[in-house]
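Subject: Structure handover and findings

Dear colleague,

Please find below the structure that I am handing over to you. My findings follow directly after it.

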Amino acid sequence: MSILLSTLKIFGLNGSKDYANQIAKMIDPSGFSLSKHTETHHIDGESYIKSDENVRNCDVYVISSLFSDKDHQVNEKILNLLMFVGSLKDASARRVTVIVPYFAYARQDRKTKSREPIATKYMAQLFEASGVDRLITLDIHSLSAFQNSFRIPVDNLDCVKLFTNYIIKEKIQDDQPTLLEDSSNLVVLSPDNGGISRCGQFQDALEKKLKTEIPLAVFDKRRVEGQVKGSRIIGDVSGKRVILFDDMIATAGTAAKAIKAVEQAGGKLYAFCATHGLFVGNANEALKDVNKIIVTDSVSTWRLSEENKKKVTIIPTTELMSDVIVRTHFEGGSISKLLEV
């Protein structure tokens, strides 16, 4: 193992250093650490990024979650990531695997209007051109579009197991039992038709863990000129505790309308679960009546108000990512096994 560790390099780019550092420590707590690099700007504002370590014949993992934060815009993160990968390949790295917990532009995956860009396809072309050998992501928005855009190996890790294991054991509110104690009157709600498959996986996982049948409902919505229209729940939520499950929370506009529709249908929101918490636009206002929000650490919650931060539980994904690196670098087993509930 020590010989293989000597050829393993893990870099955490700006905005993802803490995340990457946790992963590195989990791989080998006895001494393995994050590799060093320089990431700054020239005086004219151009980005400058380079490895400060020898990567010749090394198996290199570059970690960068592609979202805008207080200090870095998403497009700058993308450019730095691509330039860094290119420099690693030029420095004779044996293999470069990029880990992107949140993959930007994944929602622009098809053309719905004349002359619209298919950004997911262009991102794939950029990643391949820079020399990325393998890409690992979390809960990509449209899995089929994502997989069909890339010619290099890609692994999309769903977080169903993480959410299931958390939510069945924890009290969502102090006056409520855990789902293991009481799984009656429970419904999983998809925020739209496109999320049915994802919610179906979550539904199956809950049923397997709780050993009971759990219905699936759908919020009937459509977008008109970018605005969410709809107020009908397909399925019975009357007198039910509802778990809204999605891949991301952006403006939370759909969620707010779905929750209102649930209440009008006689149900009550139990929790709102989503892998990526972007919380952009009017998300703080839209989430003011939500008691429990559960997201992963793929995106920092810096945009949330202090009041909404009190409602948020963050599920770590670093252990999952460290296991993936071990299995790919040491050729040690199936990644899909890690995701089985």
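How many of the five residues of strand β4 (residues 59-63) are buried? In this predicted model, the count is five of the five, so strand β4 is largely enclosed by the rest of the structure. Cover is present on both faces: D59, Y61 and I63 are buried on one side, and V60 and V62 are buried on the other.

The strand pairing around β4 is as follows. β1 and β4 run parallel and are joined by five bridges; K9 has V60 in β4 as its bridge partner. β4 also pairs with β5, again in the parallel sense and over five bridges. There, I63 stands opposite I99 of β5.

Eight aromatic pairs are present in the structure. One of them is formed by F11 and F84, whose ring centres are 5.1 Å apart and whose planes stand at 80 degrees, so the pair is edge-to-face. Because F11 belongs to strand β1 (residues 8-12) and F84 to helix α3 (residues 74-90), this pair ties together parts that are 73 residues apart in sequence. F11 counts as buried, at 0% relative accessibility, and F84 is buried with a relative accessible area of 0%.

A further pair is made by F103 and F150. The ring centres of F103 and F150 lie 6.2 Å apart with planes at 70 degrees, so this pair too is edge-to-face. F103 sits in the loop between β5 (95-100) and α4 (119-130), while F150 sits in the loop between α5 (143-149) and β7 (154-157); the pair thus links distant parts of the chain, 47 residues apart. Both F103 and F150 are buried. Ring pairs also join F103, F127, F146 and F150 into a cluster.

Two charged side chains sit over rings. The charged end of K77 is placed over the ring of F67, 3.9 Å from the ring centre. The charged end of R241 is placed over the ring of Y270, at 5.2 Å from the centre.

Cavities and a pocket

Two cavities of 30 Å³ or more were counted. The largest cavity has a volume of about 90 Å³. Its lining consists of L13, N14, E39, T40, H41, S47, S64, H72, E76, K77 and N80, and β2 (37-41) and α3 each contribute at least two of the lining residues. By class, one lining residue of the largest cavity is nonpolar, seven are polar and three are charged. K77, named above for its place over the ring of F67, is among the residues that line the largest cavity.

The second largest cavity has a volume of about 30 Å³. Residues lining the second largest cavity include P101, Y102, F103, L138 and H276. The classes in this lining are seven nonpolar, two polar and one charged.

Helix α2 (residues 17-27) gives the most to the lining, with four residues. Six of the lining residues of the second largest pocket are nonpolar, nine are polar and six are charged.

Yours sincerely

Definitions and conventions
Residues are numbered from 1 along each chain as its sequence is written. Side-chain values use heavy atoms; hydrogens and water are left out. Rings of Phe, Tyr and Trp (its six-membered ring) pair if their centres lie within 6.5 Å; planes under 30 degrees apart count as stacked, over 60 as edge-to-face and the rest as tilted. Buried means under 20% relative accessible area, exposed over 50%, partly exposed in between (1.4 Å probe, protein chains only). A charge sits over a ring if NZ of Lys or CZ of Arg is within 6 Å of the ring centre and within 35 degrees of the ring normal. Ala, Val, Leu, Ile, Met, Phe, Trp, Tyr, Cys and Pro count as nonpolar, Asp, Glu, Lys and Arg as charged, and the others, Gly among them, as polar. Two strands pair if DSSP finds at least two bridges between them. On a 1 Å grid over the protein atoms alone, a cavity is a set of points where a 1.4 Å probe fits but cannot get out, and a pocket is an open set with protein on both sides within 12 Å along at least five of seven lines; lining residues have an atom within 4 Å of a point. Grid points are joined across faces, edges and corners, and a volume is the space filled by probe spheres set on the points.
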